[in-house]
Protein chains: 2
Amino acid sequence: MERLDPPRLSRLSINQATTRPQWSLREAIEGYSAAGVNAISVWPEKLAECGIADARRMLNDYGMTVTSYCVGGLFAGADQPFGPRPLDTCRRLLDEAAAIDAACMVSVVSTLDSQSKDLAESRRRIAEGLQALVPHARAIRVPLAIEPVHPMLAGELCCINTLGQANALCDELGDGAGVAVDLYHVWWDPDLEAEIQSAGDRILVFQICDWLSTTTTIRNDRGMMGDGVIDIAGIRRMVEDAGYQGYCDVEVMSERDWWGRPAEEVVATCIERFQTVC
Amino acid sequence: MERLDPPRLSRLSINQATTRPQWSLREAIEGYSAAGVNAISVWPEKLAECGIADARRMLNDYGMTVTSYCVGGLFAGADQPFGPRPLDTCRRLLDEAAAIDAACMVSVVSTLDSQSKDLAESRRRIAEGLQALVPHARAIRVPLAIEPVHPMLAGELCCINTLGQANALCDELGDGAGVAVDLYHVWWDPDLEAEIQSAGDRILVFQICDWLSTTTTIRNDRGMMGDGVIDIAGIRRMVEDAGYQGYCDVEVMSERDWWGRPAEEVVATCIERFQTVC
(Lines give C-alpha, C1' and ligand atoms only; values in the text may rest on other atoms or scores of the structure.)
Protein backbone atom coordinates (compact mmCIF):
# COMPACT_ATOMS: atom_id res chain seq x y z
CA MET A 1 0.00 0.00 0.00
CA GLU A 2 1.19 3.48 -0.80
CA ARG A 3 2.43 5.28 2.29
CA LEU A 4 0.51 8.34 3.35
CA ASP A 5 2.41 11.55 3.87
CA PRO A 6 3.86 11.49 7.36
CA PRO A 7 1.52 13.40 9.65
CA ARG A 8 2.42 17.02 10.29
CA LEU A 9 2.75 18.31 13.83
CA SER A 10 0.20 20.98 12.96
CA ARG A 11 -2.37 18.15 12.69
CA LEU A 12 -1.66 16.80 16.17
CA SER A 13 -3.98 17.46 19.09
CA ILE A 14 -3.55 16.01 22.55
CA ASN A 15 -6.58 14.99 24.55
CA GLN A 16 -6.00 16.01 28.11
CA ALA A 17 -7.20 12.60 29.33
CA THR A 18 -3.72 11.49 28.18
CA THR A 19 -2.17 13.46 31.04
CA ARG A 20 -5.17 13.34 33.34
CA PRO A 21 -3.45 12.53 36.65
CA GLN A 22 -0.36 14.63 35.96
CA TRP A 23 -1.61 17.96 34.66
CA SER A 24 -4.37 20.47 35.32
CA LEU A 25 -5.84 22.28 32.31
CA ARG A 26 -3.44 25.19 32.86
CA GLU A 27 -0.47 22.85 33.00
CA ALA A 28 -1.66 20.94 29.94
CA ILE A 29 -2.03 24.12 27.87
CA GLU A 30 1.45 25.25 28.90
CA GLY A 31 3.01 21.81 28.53
CA TYR A 32 1.52 20.86 25.17
CA SER A 33 2.30 24.29 23.80
CA ALA A 34 5.90 24.15 25.03
CA ALA A 35 6.30 20.89 23.11
CA GLY A 36 4.96 22.46 19.91
CA VAL A 37 1.44 21.07 20.04
CA ASN A 38 -1.20 23.69 19.37
CA ALA A 39 -4.46 21.82 19.82
CA ILE A 40 -6.10 20.21 22.83
CA SER A 41 -9.26 18.34 23.75
CA VAL A 42 -10.69 19.48 27.07
CA TRP A 43 -12.66 17.61 29.77
CA PRO A 44 -15.37 19.19 31.92
CA GLU A 45 -13.81 18.21 35.26
CA LYS A 46 -10.59 19.98 34.29
CA LEU A 47 -12.40 23.00 32.94
CA ALA A 48 -14.42 23.32 36.15
CA GLU A 49 -11.24 23.24 38.20
CA CYS A 50 -9.70 26.02 36.11
CA GLY A 51 -12.79 28.15 35.57
CA ILE A 52 -14.06 29.21 32.16
CA ALA A 53 -12.72 32.78 32.20
CA ASP A 54 -9.15 31.70 33.02
CA ALA A 55 -9.33 28.83 30.55
CA ARG A 56 -10.45 31.14 27.74
CA ARG A 57 -7.66 33.59 28.52
CA MET A 58 -4.98 30.92 28.55
CA LEU A 59 -6.22 29.14 25.43
CA ASN A 60 -6.19 32.48 23.68
CA ASP A 61 -2.77 33.54 24.99
CA TYR A 62 -1.20 30.28 23.86
CA GLY A 63 -3.03 30.24 20.52
CA MET A 64 -4.45 26.82 21.35
CA THR A 65 -7.22 25.31 19.20
CA VAL A 66 -9.83 23.34 21.13
CA THR A 67 -10.39 20.22 19.04
CA SER A 68 -13.27 19.02 21.19
CA TYR A 69 -14.94 19.20 24.57
CA CYS A 70 -15.24 15.59 25.82
CA VAL A 71 -18.40 14.76 27.69
CA GLY A 72 -19.51 11.39 29.05
CA GLY A 73 -22.79 10.18 30.46
CA LEU A 74 -25.21 12.26 28.37
CA PHE A 75 -28.75 11.65 29.66
CA ALA A 76 -27.40 9.54 32.53
CA GLY A 77 -29.58 8.82 35.54
CA ALA A 78 -28.28 9.35 39.05
CA ASP A 79 -27.05 5.75 39.31
CA GLN A 80 -25.02 5.79 36.10
CA PRO A 81 -21.44 6.93 35.44
CA PHE A 82 -21.21 10.76 35.23
CA GLY A 83 -24.88 10.98 36.30
CA PRO A 84 -27.18 12.62 36.77
CA ARG A 85 -27.00 14.43 33.44
CA PRO A 86 -30.53 15.33 32.35
CA LEU A 87 -31.23 17.40 29.26
CA ASP A 88 -30.62 20.78 30.89
CA THR A 89 -27.23 19.62 32.13
CA CYS A 90 -26.38 18.45 28.61
CA ARG A 91 -27.35 21.90 27.28
CA ARG A 92 -25.15 23.55 29.89
CA LEU A 93 -22.23 21.34 28.83
CA LEU A 94 -22.77 22.51 25.25
CA ASP A 95 -22.63 26.10 26.51
CA GLU A 96 -19.32 25.34 28.18
CA ALA A 97 -18.01 23.91 24.92
CA ALA A 98 -19.07 27.10 23.16
CA ALA A 99 -17.46 29.25 25.86
CA ILE A 100 -14.03 27.77 25.10
CA ASP A 101 -14.62 27.74 21.33
CA ALA A 102 -14.53 23.97 21.09
CA ALA A 103 -14.99 22.74 17.53
CA CYS A 104 -17.51 20.16 18.74
CA MET A 105 -18.72 18.34 21.82
CA VAL A 106 -17.64 14.69 21.87
CA SER A 107 -20.82 13.05 23.11
CA VAL A 108 -20.60 9.74 24.94
CA VAL A 109 -24.15 8.86 25.82
CA SER A 110 -25.21 6.72 28.77
CA THR A 111 -26.73 3.24 28.83
CA LEU A 112 -28.90 0.92 30.95
CA ASP A 113 -29.90 2.26 34.33
CA SER A 114 -29.80 -0.19 37.21
CA GLN A 115 -33.50 -1.04 36.88
CA SER A 116 -33.38 -2.12 33.24
CA LYS A 117 -32.04 -4.84 30.97
CA ASP A 118 -33.72 -3.42 27.90
CA LEU A 119 -30.90 -2.18 25.72
CA ALA A 120 -33.18 -1.41 22.77
CA GLU A 121 -35.33 0.81 25.02
CA SER A 122 -32.20 2.58 26.34
CA ARG A 123 -31.17 3.24 22.77
CA ARG A 124 -34.59 4.71 21.96
CA ARG A 125 -34.41 6.92 25.06
CA ILE A 126 -30.95 8.15 24.01
CA ALA A 127 -32.16 8.90 20.48
CA GLU A 128 -35.00 10.97 21.95
CA GLY A 129 -32.54 12.79 24.21
CA LEU A 130 -30.31 13.65 21.28
CA GLN A 131 -33.33 14.87 19.29
CA ALA A 132 -34.14 17.22 22.15
CA LEU A 133 -30.53 18.38 22.48
CA VAL A 134 -29.57 18.95 18.87
CA PRO A 135 -31.51 22.22 18.37
CA HIS A 136 -29.35 23.84 21.04
CA ALA A 137 -26.21 22.44 19.38
CA ARG A 138 -27.36 24.05 16.14
CA ALA A 139 -28.29 27.33 17.80
CA ILE A 140 -24.90 27.83 19.44
CA ARG A 141 -22.95 26.23 16.58
CA VAL A 142 -21.27 23.48 18.58
CA PRO A 143 -22.09 20.20 16.85
CA LEU A 144 -22.51 16.96 18.76
CA ALA A 145 -19.79 14.44 17.84
CA ILE A 146 -21.56 11.21 18.74
CA GLU A 147 -18.98 8.67 19.82
CA PRO A 148 -19.54 4.96 19.36
CA VAL A 149 -18.02 3.25 22.39
CA HIS A 150 -16.54 -0.25 22.47
CA PRO A 151 -19.14 -3.01 23.01
CA MET A 152 -17.31 -4.11 26.15
CA LEU A 153 -18.66 -0.91 27.76
CA ALA A 154 -22.26 -1.36 26.58
CA GLY A 155 -23.52 -2.55 29.94
CA GLU A 156 -21.97 0.08 32.13
CA LEU A 157 -21.11 3.17 30.12
CA CYS A 158 -22.64 3.74 26.68
CA CYS A 159 -25.26 2.06 24.49
CA ILE A 160 -24.05 3.42 21.13
CA ASN A 161 -21.51 0.78 20.20
CA THR A 162 -20.90 0.92 16.46
CA LEU A 163 -20.18 3.60 13.92
CA GLY A 164 -23.19 2.27 12.01
CA GLN A 165 -25.44 3.20 14.93
CA ALA A 166 -23.88 6.66 15.21
CA ASN A 167 -24.31 7.23 11.47
CA ALA A 168 -27.96 6.17 11.65
CA LEU A 169 -28.52 8.64 14.49
CA CYS A 170 -26.92 11.40 12.44
CA ASP A 171 -29.30 10.63 9.60
CA GLU A 172 -32.19 11.23 12.00
CA LEU A 173 -30.69 14.28 13.70
CA GLY A 174 -29.56 16.21 10.64
CA ASP A 175 -27.58 19.42 11.08
CA GLY A 176 -25.80 19.81 14.38
CA ALA A 177 -24.77 16.16 14.69
CA GLY A 178 -21.71 14.26 13.52
CA VAL A 179 -19.51 11.45 14.78
CA ALA A 180 -16.30 10.97 16.74
CA VAL A 181 -14.14 8.15 15.41
CA ASP A 182 -11.97 6.76 18.20
CA LEU A 183 -9.63 4.01 17.06
CA TYR A 184 -9.90 2.24 20.39
CA HIS A 185 -13.63 1.81 20.10
CA VAL A 186 -14.03 0.98 16.41
CA TRP A 187 -10.86 -0.70 15.11
CA TRP A 188 -12.34 -4.23 15.30
CA ASP A 189 -15.50 -3.40 13.30
CA PRO A 190 -15.87 -5.57 10.19
CA ASP A 191 -17.90 -2.77 8.59
CA LEU A 192 -15.41 -0.05 9.52
CA GLU A 193 -14.32 1.07 6.08
CA ALA A 194 -17.87 1.27 4.73
CA GLU A 195 -19.14 3.12 7.80
CA ILE A 196 -16.25 5.61 7.71
CA GLN A 197 -17.03 6.24 4.05
CA SER A 198 -20.68 6.65 4.92
CA ALA A 199 -19.85 9.06 7.76
CA GLY A 200 -17.86 11.23 5.33
CA ASP A 201 -17.90 14.89 6.32
CA ARG A 202 -19.83 14.06 9.46
CA ILE A 203 -16.55 12.94 11.05
CA LEU A 204 -15.83 15.74 13.50
CA VAL A 205 -13.00 14.20 15.53
CA PHE A 206 -10.48 11.43 14.95
CA GLN A 207 -9.02 10.04 18.18
CA ILE A 208 -5.91 7.88 18.12
CA CYS A 209 -4.22 5.43 20.49
CA ASP A 210 -3.54 1.68 20.29
CA TRP A 211 -5.02 -1.63 21.48
CA LEU A 212 -2.48 -3.64 23.45
CA SER A 213 -2.37 -7.37 22.81
CA THR A 214 -1.73 -7.73 26.54
CA THR A 215 -4.98 -5.96 27.48
CA THR A 216 -6.74 -7.51 30.44
CA THR A 217 -8.94 -4.75 31.86
CA ILE A 218 -11.78 -2.91 30.16
CA ARG A 219 -11.09 0.60 31.50
CA ASN A 220 -8.10 2.90 31.10
CA ASP A 221 -5.70 0.39 29.63
CA ARG A 222 -5.06 2.03 26.27
CA GLY A 223 -1.76 1.75 24.46
CA MET A 224 0.47 4.44 22.95
CA MET A 225 0.38 4.45 19.15
CA GLY A 226 2.71 1.75 17.84
CA ASP A 227 2.63 -0.43 20.94
CA GLY A 228 -0.45 -2.42 19.95
CA VAL A 229 -2.27 -4.15 17.12
CA ILE A 230 -4.25 -1.38 15.44
CA ASP A 231 -3.36 -0.50 11.85
CA ILE A 232 -3.39 3.20 12.67
CA ALA A 233 -2.02 4.49 9.36
CA GLY A 234 -4.51 2.31 7.48
CA ILE A 235 -7.49 3.67 9.38
CA ARG A 236 -6.15 7.24 9.11
CA ARG A 237 -6.15 6.71 5.37
CA MET A 238 -9.79 5.59 5.45
CA VAL A 239 -10.78 8.65 7.47
CA GLU A 240 -8.89 11.01 5.17
CA ASP A 241 -10.24 9.28 2.07
CA ALA A 242 -13.70 9.99 3.50
CA GLY A 243 -12.83 13.69 3.51
CA TYR A 244 -11.64 14.31 7.06
CA GLN A 245 -8.99 17.00 7.26
CA GLY A 246 -9.05 17.80 10.98
CA TYR A 247 -6.76 16.93 13.85
CA CYS A 248 -5.59 13.57 15.09
CA ASP A 249 -6.40 13.74 18.80
CA VAL A 250 -4.22 11.47 20.96
CA GLU A 251 -6.27 9.93 23.75
CA VAL A 252 -4.29 7.40 25.80
CA MET A 253 -5.84 6.66 29.18
CA SER A 254 -3.30 4.30 30.70
CA GLU A 255 -3.32 3.40 34.36
CA ARG A 256 -0.64 0.79 34.03
CA ASP A 257 1.90 2.88 32.15
CA TRP A 258 1.58 6.42 30.79
CA TRP A 259 -0.39 7.94 33.65
CA GLY A 260 2.53 7.00 35.89
CA ARG A 261 5.21 8.77 33.81
CA PRO A 262 6.26 12.42 33.77
CA ALA A 263 3.83 14.32 31.55
CA GLU A 264 6.67 15.85 29.51
CA GLU A 265 7.81 12.34 28.56
CA VAL A 266 4.24 11.34 27.63
CA VAL A 267 3.84 14.38 25.38
CA ALA A 268 7.22 13.86 23.73
CA THR A 269 6.27 10.24 23.04
CA CYS A 270 2.89 11.24 21.56
CA ILE A 271 4.71 13.55 19.14
CA GLU A 272 7.38 11.04 18.19
CA ARG A 273 4.90 8.22 17.63
CA PHE A 274 2.52 10.48 15.73
CA GLN A 275 5.29 11.28 13.29
CA THR A 276 6.58 7.74 12.92
CA VAL A 277 3.76 5.20 13.20
CA CYS A 278 0.54 7.05 12.41
CA MET B 1 -44.15 -8.64 26.78
CA GLU B 2 -45.78 -12.07 26.91
CA ARG B 3 -43.76 -14.46 29.04
CA LEU B 4 -42.29 -17.46 27.28
CA ASP B 5 -42.99 -20.88 28.68
CA PRO B 6 -40.52 -21.53 31.47
CA PRO B 7 -37.63 -23.55 30.07
CA ARG B 8 -37.81 -27.28 30.57
CA LEU B 9 -34.93 -29.13 32.18
CA SER B 10 -34.83 -31.39 29.12
CA ARG B 11 -33.67 -28.32 27.15
CA LEU B 12 -30.74 -27.60 29.49
CA SER B 13 -27.18 -28.47 28.56
CA ILE B 14 -24.13 -27.62 30.64
CA ASN B 15 -20.91 -26.63 28.96
CA GLN B 16 -18.10 -28.25 30.83
CA ALA B 17 -16.16 -24.97 30.82
CA THR B 18 -18.61 -24.03 33.59
CA THR B 19 -16.94 -26.57 35.89
CA ARG B 20 -13.54 -26.52 34.23
CA PRO B 21 -11.28 -26.40 37.31
CA GLN B 22 -13.47 -28.65 39.43
CA TRP B 23 -14.39 -31.60 37.24
CA SER B 24 -12.83 -33.90 34.67
CA LEU B 25 -15.04 -35.07 31.79
CA ARG B 26 -15.91 -38.25 33.72
CA GLU B 27 -16.87 -36.26 36.79
CA ALA B 28 -18.88 -33.80 34.71
CA ILE B 29 -20.86 -36.56 33.01
CA GLU B 30 -21.60 -38.16 36.38
CA GLY B 31 -22.29 -34.87 38.14
CA TYR B 32 -24.53 -33.28 35.53
CA SER B 33 -26.43 -36.51 35.10
CA ALA B 34 -26.92 -36.93 38.85
CA ALA B 35 -28.49 -33.46 38.90
CA GLY B 36 -30.91 -34.38 36.10
CA VAL B 37 -29.08 -32.68 33.22
CA ASN B 38 -28.76 -34.91 30.18
CA ALA B 39 -26.73 -32.83 27.77
CA ILE B 40 -23.17 -31.55 27.84
CA SER B 41 -20.77 -29.54 25.72
CA VAL B 42 -17.28 -31.03 25.67
CA TRP B 43 -13.83 -29.42 25.37
CA PRO B 44 -10.85 -31.05 23.62
CA GLU B 45 -8.48 -30.74 26.57
CA LYS B 46 -10.94 -32.63 28.77
CA LEU B 47 -11.63 -35.24 26.10
CA ALA B 48 -7.91 -35.87 25.63
CA GLU B 49 -7.48 -36.42 29.36
CA CYS B 50 -10.29 -38.96 29.40
CA GLY B 51 -9.62 -40.67 26.08
CA ILE B 52 -12.20 -41.07 23.33
CA ALA B 53 -13.10 -44.69 24.00
CA ASP B 54 -13.85 -44.12 27.66
CA ALA B 55 -15.70 -40.89 26.92
CA ARG B 56 -17.93 -42.63 24.36
CA ARG B 57 -18.70 -45.42 26.77
CA MET B 58 -19.60 -43.05 29.61
CA LEU B 59 -21.66 -40.70 27.44
CA ASN B 60 -23.57 -43.72 26.21
CA ASP B 61 -24.02 -45.30 29.64
CA TYR B 62 -25.40 -42.08 31.06
CA GLY B 63 -27.56 -41.33 28.00
CA MET B 64 -25.85 -37.97 27.65
CA THR B 65 -26.39 -35.89 24.50
CA VAL B 66 -23.32 -33.99 23.31
CA THR B 67 -24.64 -30.56 22.40
CA SER B 68 -21.33 -29.44 20.94
CA TYR B 69 -17.60 -29.97 20.87
CA CYS B 70 -15.99 -26.59 21.70
CA VAL B 71 -12.85 -25.76 19.80
CA GLY B 72 -10.81 -22.55 19.94
CA GLY B 73 -7.99 -21.25 17.78
CA LEU B 74 -8.98 -22.75 14.42
CA PHE B 75 -6.19 -22.01 11.91
CA ALA B 76 -4.04 -20.49 14.65
CA GLY B 77 -0.32 -20.03 14.12
CA ALA B 78 2.18 -21.24 16.69
CA ASP B 79 2.22 -17.85 18.45
CA GLN B 80 -1.56 -17.60 18.88
CA PRO B 81 -3.83 -18.96 21.61
CA PHE B 82 -4.50 -22.71 21.14
CA GLY B 83 -1.94 -22.73 18.29
CA PRO B 84 -0.65 -24.19 16.18
CA ARG B 85 -3.89 -25.47 14.65
CA PRO B 86 -3.37 -25.87 10.91
CA LEU B 87 -6.03 -27.36 8.63
CA ASP B 88 -5.15 -30.99 9.35
CA THR B 89 -5.45 -30.37 13.09
CA CYS B 90 -8.85 -28.77 12.52
CA ARG B 91 -9.94 -31.84 10.54
CA ARG B 92 -8.74 -34.09 13.37
CA LEU B 93 -10.77 -32.04 15.85
CA LEU B 94 -13.84 -32.57 13.68
CA ASP B 95 -13.12 -36.32 13.77
CA GLU B 96 -13.02 -36.14 17.56
CA ALA B 97 -16.38 -34.35 17.55
CA ALA B 98 -17.78 -37.12 15.34
CA ALA B 99 -16.31 -39.81 17.61
CA ILE B 100 -18.35 -38.56 20.56
CA ASP B 101 -21.46 -37.89 18.43
CA ALA B 102 -21.34 -34.16 19.01
CA ALA B 103 -24.19 -32.36 17.26
CA CYS B 104 -21.75 -29.77 15.95
CA MET B 105 -18.28 -28.33 16.46
CA VAL B 106 -18.36 -24.87 18.01
CA SER B 107 -15.69 -23.14 15.96
CA VAL B 108 -13.83 -20.19 17.46
CA VAL B 109 -11.38 -19.11 14.80
CA SER B 110 -8.07 -17.36 15.45
CA THR B 111 -7.02 -13.80 14.66
CA LEU B 112 -3.94 -11.63 13.99
CA ASP B 113 -0.61 -13.37 14.32
CA SER B 114 2.15 -11.42 16.03
CA GLN B 115 3.57 -10.18 12.71
CA SER B 116 0.39 -8.57 11.46
CA LYS B 117 -1.96 -5.67 12.11
CA ASP B 118 -4.10 -6.44 9.08
CA LEU B 119 -7.42 -7.59 10.46
CA ALA B 120 -9.11 -7.66 7.05
CA GLU B 121 -6.37 -9.97 5.76
CA SER B 122 -6.75 -12.23 8.84
CA ARG B 123 -10.45 -12.42 8.11
CA ARG B 124 -9.81 -13.42 4.49
CA ARG B 125 -7.34 -16.08 5.65
CA ILE B 126 -9.92 -17.47 8.07
CA ALA B 127 -12.61 -17.54 5.38
CA GLU B 128 -10.24 -19.55 3.15
CA GLY B 129 -9.50 -21.91 6.03
CA LEU B 130 -13.18 -22.52 6.63
CA GLN B 131 -13.73 -23.11 2.91
CA ALA B 132 -11.05 -25.79 3.04
CA LEU B 133 -12.46 -27.34 6.22
CA VAL B 134 -16.17 -27.43 5.44
CA PRO B 135 -16.08 -30.38 2.97
CA HIS B 136 -14.80 -32.60 5.81
CA ALA B 137 -17.55 -31.27 8.12
CA ARG B 138 -20.08 -32.23 5.45
CA ALA B 139 -18.51 -35.62 4.82
CA ILE B 140 -18.59 -36.70 8.45
CA ARG B 141 -21.85 -34.87 9.21
CA VAL B 142 -20.54 -32.64 12.00
CA PRO B 143 -21.40 -29.06 11.04
CA LEU B 144 -19.20 -26.13 11.99
CA ALA B 145 -20.97 -23.79 14.41
CA ILE B 146 -19.08 -20.58 13.71
CA GLU B 147 -19.00 -18.49 16.86
CA PRO B 148 -18.82 -14.71 16.76
CA VAL B 149 -16.63 -13.67 19.68
CA HIS B 150 -16.88 -10.38 21.58
CA PRO B 151 -14.97 -7.50 19.92
CA MET B 152 -12.87 -7.08 23.06
CA LEU B 153 -11.16 -10.34 22.04
CA ALA B 154 -10.56 -9.37 18.40
CA GLY B 155 -6.89 -8.60 18.91
CA GLU B 156 -5.89 -11.67 20.79
CA LEU B 157 -8.35 -14.49 20.23
CA CYS B 158 -10.80 -14.36 17.31
CA CYS B 159 -11.43 -12.11 14.31
CA ILE B 160 -15.08 -13.04 13.74
CA ASN B 161 -16.79 -10.56 16.01
CA THR B 162 -20.40 -10.16 14.93
CA LEU B 163 -23.24 -12.47 14.07
CA GLY B 164 -23.47 -10.58 10.79
CA GLN B 165 -19.96 -11.73 9.89
CA ALA B 166 -20.76 -15.33 10.86
CA ASN B 167 -23.95 -15.27 8.79
CA ALA B 168 -22.08 -13.89 5.78
CA LEU B 169 -19.52 -16.70 6.11
CA CYS B 170 -22.33 -19.26 6.24
CA ASP B 171 -23.74 -17.83 3.02
CA GLU B 172 -20.39 -18.51 1.38
CA LEU B 173 -19.82 -21.92 2.96
CA GLY B 174 -23.24 -23.46 2.36
CA ASP B 175 -24.04 -26.87 3.82
CA GLY B 176 -21.93 -27.93 6.75
CA ALA B 177 -21.75 -24.50 8.36
CA GLY B 178 -23.96 -22.74 10.89
CA VAL B 179 -23.54 -20.39 13.83
CA ALA B 180 -23.16 -20.54 17.59
CA VAL B 181 -25.04 -17.76 19.38
CA ASP B 182 -23.38 -17.06 22.72
CA LEU B 183 -25.17 -14.37 24.76
CA TYR B 184 -21.91 -13.14 26.21
CA HIS B 185 -20.47 -12.32 22.82
CA VAL B 186 -23.50 -10.89 21.04
CA TRP B 187 -25.90 -9.34 23.56
CA TRP B 188 -24.73 -5.76 22.87
CA ASP B 189 -25.19 -5.97 19.07
CA PRO B 190 -27.59 -3.30 17.75
CA ASP B 191 -28.40 -5.61 14.83
CA LEU B 192 -28.92 -8.67 17.01
CA GLU B 193 -32.58 -9.35 16.35
CA ALA B 194 -32.24 -8.99 12.58
CA GLU B 195 -29.13 -11.16 12.47
CA ILE B 196 -30.71 -13.87 14.61
CA GLN B 197 -33.69 -13.84 12.26
CA SER B 198 -31.33 -14.03 9.32
CA ALA B 199 -29.41 -16.91 10.90
CA GLY B 200 -32.66 -18.87 11.28
CA ASP B 201 -32.13 -22.61 11.11
CA ARG B 202 -28.39 -22.10 10.86
CA ILE B 203 -28.32 -21.56 14.64
CA LEU B 204 -26.73 -24.77 15.89
CA VAL B 205 -26.01 -23.84 19.51
CA PHE B 206 -27.39 -21.26 21.94
CA GLN B 207 -25.03 -20.56 24.84
CA ILE B 208 -26.25 -18.73 27.92
CA CYS B 209 -24.67 -16.85 30.82
CA ASP B 210 -24.76 -13.20 31.91
CA TRP B 211 -22.72 -9.98 31.62
CA LEU B 212 -21.90 -8.56 35.05
CA SER B 213 -22.17 -4.79 35.44
CA THR B 214 -19.09 -5.10 37.67
CA THR B 215 -16.98 -6.66 34.90
CA THR B 216 -13.41 -5.42 34.85
CA THR B 217 -11.43 -8.14 33.05
CA ILE B 218 -11.87 -9.42 29.51
CA ARG B 219 -11.31 -13.13 30.17
CA ASN B 220 -13.23 -15.64 32.29
CA ASP B 221 -15.37 -13.15 34.19
CA ARG B 222 -18.80 -14.33 33.06
CA GLY B 223 -21.84 -14.09 35.28
CA MET B 224 -24.44 -16.69 36.20
CA MET B 225 -27.80 -16.12 34.50
CA GLY B 226 -29.73 -13.48 36.43
CA ASP B 227 -26.71 -11.81 38.02
CA GLY B 228 -26.05 -9.41 35.16
CA VAL B 229 -27.59 -7.09 32.61
CA ILE B 230 -28.48 -9.37 29.69
CA ASP B 231 -32.16 -9.75 28.81
CA ILE B 232 -31.78 -13.52 28.57
CA ALA B 233 -35.45 -14.40 28.16
CA GLY B 234 -35.81 -11.73 25.47
CA ILE B 235 -32.92 -13.08 23.42
CA ARG B 236 -34.10 -16.68 23.95
CA ARG B 237 -37.40 -15.56 22.46
CA MET B 238 -35.59 -14.12 19.41
CA VAL B 239 -33.65 -17.35 18.91
CA GLU B 240 -36.77 -19.50 19.25
CA ASP B 241 -38.75 -17.18 16.99
CA ALA B 242 -36.02 -17.76 14.41
CA GLY B 243 -36.75 -21.49 14.62
CA TYR B 244 -34.18 -22.77 17.10
CA GLN B 245 -35.44 -25.71 19.11
CA GLY B 246 -32.18 -27.06 20.52
CA TYR B 247 -30.55 -26.86 23.94
CA CYS B 248 -29.63 -23.87 26.03
CA ASP B 249 -25.99 -24.53 26.87
CA VAL B 250 -24.83 -22.85 30.08
CA GLU B 251 -21.28 -21.57 29.68
CA VAL B 252 -20.08 -19.61 32.71
CA MET B 253 -16.30 -19.25 32.90
CA SER B 254 -15.86 -17.42 36.18
CA GLU B 255 -12.51 -17.07 37.85
CA ARG B 256 -13.74 -14.73 40.51
CA ASP B 257 -16.73 -16.74 41.64
CA TRP B 258 -18.15 -19.97 40.23
CA TRP B 259 -14.88 -21.72 39.46
CA GLY B 260 -14.10 -21.43 43.17
CA ARG B 261 -17.29 -23.09 44.38
CA PRO B 262 -18.17 -26.79 44.75
CA ALA B 263 -19.25 -28.08 41.33
CA GLU B 264 -22.47 -29.52 42.75
CA GLU B 265 -23.48 -26.04 43.89
CA VAL B 266 -22.63 -24.58 40.47
CA VAL B 267 -24.75 -27.19 38.69
CA ALA B 268 -27.68 -26.73 41.08
CA THR B 269 -27.51 -22.98 40.51
CA CYS B 270 -27.43 -23.40 36.71
CA ILE B 271 -30.62 -25.47 36.93
CA GLU B 272 -32.40 -23.11 39.29
CA ARG B 273 -31.52 -20.02 37.28
CA PHE B 274 -32.38 -21.71 34.00
CA GLN B 275 -35.86 -22.40 35.31
CA THR B 276 -36.43 -18.97 36.84
CA VAL B 277 -34.67 -16.24 34.85
CA CYS B 278 -34.11 -17.63 31.36
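Visitor: Let's begin with Ala145(B): does this residue count as buried or exposed?
Guide: Keep in mind that you're looking at a predicted model. Here the labels are buried (under 20% relative accessible area), exposed (over 50%) and partly exposed in between, with a 1.4 Å probe and protein chains only. Ala145(B) comes out at 0% relative accessibility, so it counts as buried.

Visitor: And what ground rules apply to the model, including the pLDDT that local features need?
Guide: Residues are numbered from 1 along each chain as its sequence is written, chains are lettered from A and ligands numbered from 1 in the order written, and side-chain values use heavy atoms, leaving out hydrogens and water. As this is a predicted model, totals for chains, interfaces and linings use all residues, side-chain atom pairs count only at pLDDT 80 or more, and local features need pLDDT of at least 70.

Visitor: Back to Ala145(B). Which residues does it touch, not counting those up to four places away in sequence?
Guide: Ala145(B) sits in strand β5 (residues 144-146) of chain B; strands are DSSP runs of E, at least two residues, helices are runs of H or I, at least four, and both are numbered from the N terminus. With contact taken as heavy atoms within 4.5 Å, the residues that Ala145(B) touches are Cys104(B), Met105(B), Val106(B), Ser107(B), Gly178(B), Val179(B), Ala180(B), Leu204(B) and Val205(B).

Visitor: Which residue does the side chain of Ser41(B) make a polar contact with?
Guide: Ser41(B) belongs to strand β2 (residues 39-42) of chain B and is buried, at a relative accessible area of 0%. A polar contact is a pair of N or O atoms within 3.5 Å; within protein, one must be able to donate a hydrogen and the other to accept it, and residues adjacent in sequence count only if both atoms are side-chain atoms. At 2.7 Å, the side-chain partner of Ser41(B) is Ser68(B).

Visitor: What is the phi of Arg141(B)?
Guide: Find Arg141(B) in the loop between α5 (119-139) and β5 of chain B, where it counts as exposed at 73% relative accessibility. Arg141(B) is not a glycine, yet its phi is positive, at about 60 degrees.

Visitor: On to charges: about how many helical turns separate Arg57(A) and Asp54(A)?
Guide: Their side chains meet in a salt bridge at 2.8 Å, N to O; the term needs a side-chain nitrogen of Lys or Arg within 4 Å of a carboxyl oxygen of Asp or Glu. Arg57(A) is partly exposed at 48%, and Asp54(A) is too, at 26%. Because they are three residues apart in helix α3 (residues 52-61) of chain A, the separation is about one helical turn.

Visitor: Is Arg273(B) buried or exposed?
Guide: Its side chain meets that of Glu272(B) in a salt bridge (3.4 Å, N to O). Glu272(B) is partly exposed at 38%. With a relative accessible area of 18%, Arg273(B) is buried.

Visitor: How many salt bridges does the structure hold over all chains?
Guide: One network links Arg11(A), Arg236(A) and Glu240(A). Another pair is Asp257(A) with Arg261(A), at 2.7 Å, N to O. Over all chains, the total is 30.

Visitor: Now the interface: how much area do chain A and chain B bury between them?
Guide: The contact takes 29 residues from chain A and 29 residues from chain B. Buried area is the accessible area (1.4 Å probe) that two parts lose on being put together, summed over both. Of that area, 66% is on carbon and sulfur atoms, and the value is about 2,200 Å².

Visitor: How many salt bridges are there between chain A and chain B?
Guide: Six residue pairs are in polar contact between the chains, both residues at pLDDT 80 or more. As for salt bridges between chain A and chain B, the count is zero.

Visitor: Which residue of chain A comes closest to the rotation axis?
Guide: A rotation of 180 degrees with 0.0 Å of shift along its axis superposes chain A on chain B, at RMSD 0.0 Å. That is the relation of a two-fold axis. The superposition is by least squares on the C-alpha atoms of residues with pLDDT of at least 70 in both copies. At 2.2 Å by C-alpha, the residue of chain A that comes closest is Thr217(A).
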